[in-house]
Amino acid sequence: MTKIFNDPADFADEALAGFCDAHSDLVRQVEGGAVRRNRPATPKVAVITGGGSGHYPAFAGIIGPGLADGAVVGNIFTSPSTQQAYSVAKAANSGAGVVFTYGNYAGDVMNFGMASERLNAEGIRAENVLVTDDIASAPLSEIEKRRGIAGDFVVFKVMGAAAEAGLDLDSVVRLGRKTNELTRTIGTAFGGCTFPGADAPLFRLPEGQMGLGLGIHGEPGLFDTELPTAVELGRELVRRVLEEAPAGGSTRLAVILNGLGSTKHEELFVLWRTVAPLLRDAGYTLVMPEVGELVTSLDMAGASLTLTWLDDELEQYWTAPALTPAYRRGSVGFDVAVSEDASEDFVTEAAHYSSTEASRAYAGQCLGALETTAALLRSSETMLGDMDAIAGDGDHGRGMVRGSAASLEAAAAAFSAGAGAGSVLIAAGDAWADKAGGTSGVLWGAGLRAFGERLGDAEIPTPEVLTESVRAFADRMASLGKAEIGDKTMMDALLPFASSLEEGVAAGTPLEHAWAAAAADATTAAASTADLRALKGRARPLAEKSIGTPDPGATSLAMVFAAVGPHFTAVPVAAANH
């Protein structure tokens, strides 16, 4: 249970600020995360790790010579935004390109991918290396669908050392992908973690049971089994990982026995007492094994075993020195400059708006819709989080609250600065994507931006224009998320809403009635997702457990669209008086 916090919503930001102050000799805080305190003496590839908070020392704790150049830090268990990834990369870049490396989660893939596109467009070469080491999350034949868990660390370590040695971007990327291909992890959970401010863990296990095949975002194991002795657990972990030994793999292993947060080092050493002899008896040499906490899940109880089959090239970088706040290896004598002024931190420029009085009047209605959205999601946070915790990481409610609050603040600022309806929604969308993070954050942000772009700043929308704006919202979400009806995502509610609204407006139904009917259809569709198995997102590995519970993303979307109808369909007072 997390006991030390102020406002739970600020926990991740305050933890990052405290970390950067405590380790100010090695790191400095920038927008979106942290980077090394000192710039390299000569240009080098910047290796940037990242993901949601709650995994310390991953990700910011391993910034330093021999490892990462920066870390993008999202909210707890929530992907950082595109803007965060972009700004950290700008600060860490020293002229030799950047590579983002992270676990394979949809929100991270979207946000780091979009940041890379932006950097490449500006002439800063950017690449991505995903980690897919979790053997429990998908079969070997679908290795590209596997999650990244504690194997993250081995990939980060090899890439960081290679970049420190002066290898170019292509070589660092190649080594990262090679390490990932040779890395396997299996984990087990003894108890769920608890979000700051929450009064109960995300999941509970029956007495005397453990969950095998855990995630690192508070997800329960893929199946529960009787809690074994340490010897029996060690045998089970070793057996499962060695069954997936890569063809032609060497006999030299990098090994991590990782604690998830509240499992004590002494317990890990008891487990190691079984793991190590079993691996040696199987003919392997253990190269600088690590027993401790490297990739955690808040206060989760559990452990994982990671093996990486090393060749001479990978072993060179696995054993290389490193100097970071949370991890040190060997004797370091890195040549670093002392200046930090040359870094290129991101600076936000003030926006200028041009809009008609009619659009300004409708912008007030849009602002009202965003106020209603923020209040609704704030009051529904616990319900949405509990729903998400059944088969996901339990962060949906908090992410939606952060996104809607940020969007309201940005929209109000834009409205005060003279923005019309389209620009108000664009500002709201950009802020939602920036602050909420995660898959739903980037999708809601991109959707709102598309809505605003179609609406524009020149007119009060006709029913047809409003319908087209909703369709633009849906199309943007679909193109980014690649989800379809039946995948058990927010699209299961959004697409029926858009189609129903189009049909109602085309039939001549008054707009407010057409919107209300579409919202009712979306609510019904969201409830029907309880019968579906999750085929996308973090709930996919726990698809069976998701049956019986509606999708939280579809549920929140249907709730919001039902609540904002009176704002979007009413005629503005200023226009009605003309």
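Hi everyone, let's start with the sheet: six strands make up an open sheet with mixed pairing, in the order β1-β2-β4-β3-β5-β6. The edges belong to β1 (27–30) and β6 (126–131), each with a single partner strand, so one side of each has no neighbour in the sheet. From one strand to the next, the twist averages 25°. As for terms, two strands pair if DSSP finds at least two bridges between them. Helices (H or I, at least four residues) and strands (E, at least two) are DSSP runs, numbered from the N terminus.

A word on where this comes from: it is a predicted model, where local features need pLDDT of at least 70, side-chain atom pairs count only at pLDDT 80 or more, and totals for chains, interfaces and linings use all residues. Residues are numbered from 1 along each chain as its sequence is written, and side-chain values use heavy atoms, with hydrogens and water left out.

Strands of a sheet pair through backbone hydrogen bonds, either parallel or antiparallel. Here β1 and β2 (residues 33–36) run antiparallel and are joined by four bridges. One detail to look at is V30, whose bridge partner in β2 is G33.

On the sheet you will also find helix α5 (residues 169–181), which lies across β3, β5 (98–103) and β6 and runs at about 10° to β6. Axes are lines fitted to C-alpha atoms, for helices over the stretch in contact, and angles run from 0 to 180 degrees between N-to-C directions.

Now the loop between β3 (46–53) and β4 (70–76), where P57 sits. Which two residues does the cis bond with omega of about 15° join? They are Y56 and P57. There is another cis bond from A58 to F59, with omega near 15°, and F59 also has its place in the loop between β3 and β4. D69 lies in that loop between β3 and β4 too. With a relative accessible area of 5%, D69 is buried; buried means under 20% relative accessible area, exposed over 50%, and partly exposed in between (1.4 Å probe, protein chains only). Leaving aside residues up to four places away in sequence, D69 touches V35, R36, K44, V45, A46, V47, I63 and A92, where contact means heavy atoms within 4.5 Å.

Next, some backbone angles. Most residues other than glycine have a negative phi, and most peptide bonds are trans. F77, in the loop between β4 and α2 (82–92), has a positive phi near 60°. Is F77 buried or exposed? It counts as buried because its relative accessibility is 0%. M288, in the loop between β11 (285–286) and β12 (290–292), has a positive phi of about 45°. M288 counts as partly exposed, at 38% relative accessibility.

Last stop, helix α4. Its 13 residues (152–164) should span 18 Å at 1.5 Å a residue, and its end C-alpha atoms are 18 Å apart, which agrees. The expected span is 1.5 Å times one less than the number of residues. Twelve of the 13 residues are buried, among them D152, K157 and M159. After α4 comes G166, with a positive phi near 100°. G166 sits in the loop between α4 and α5 and is exposed, with a relative accessible area of 59%. The C-alpha atoms of G166 and A96 are 9.7 Å apart, though 70 residues separate them along the chain.
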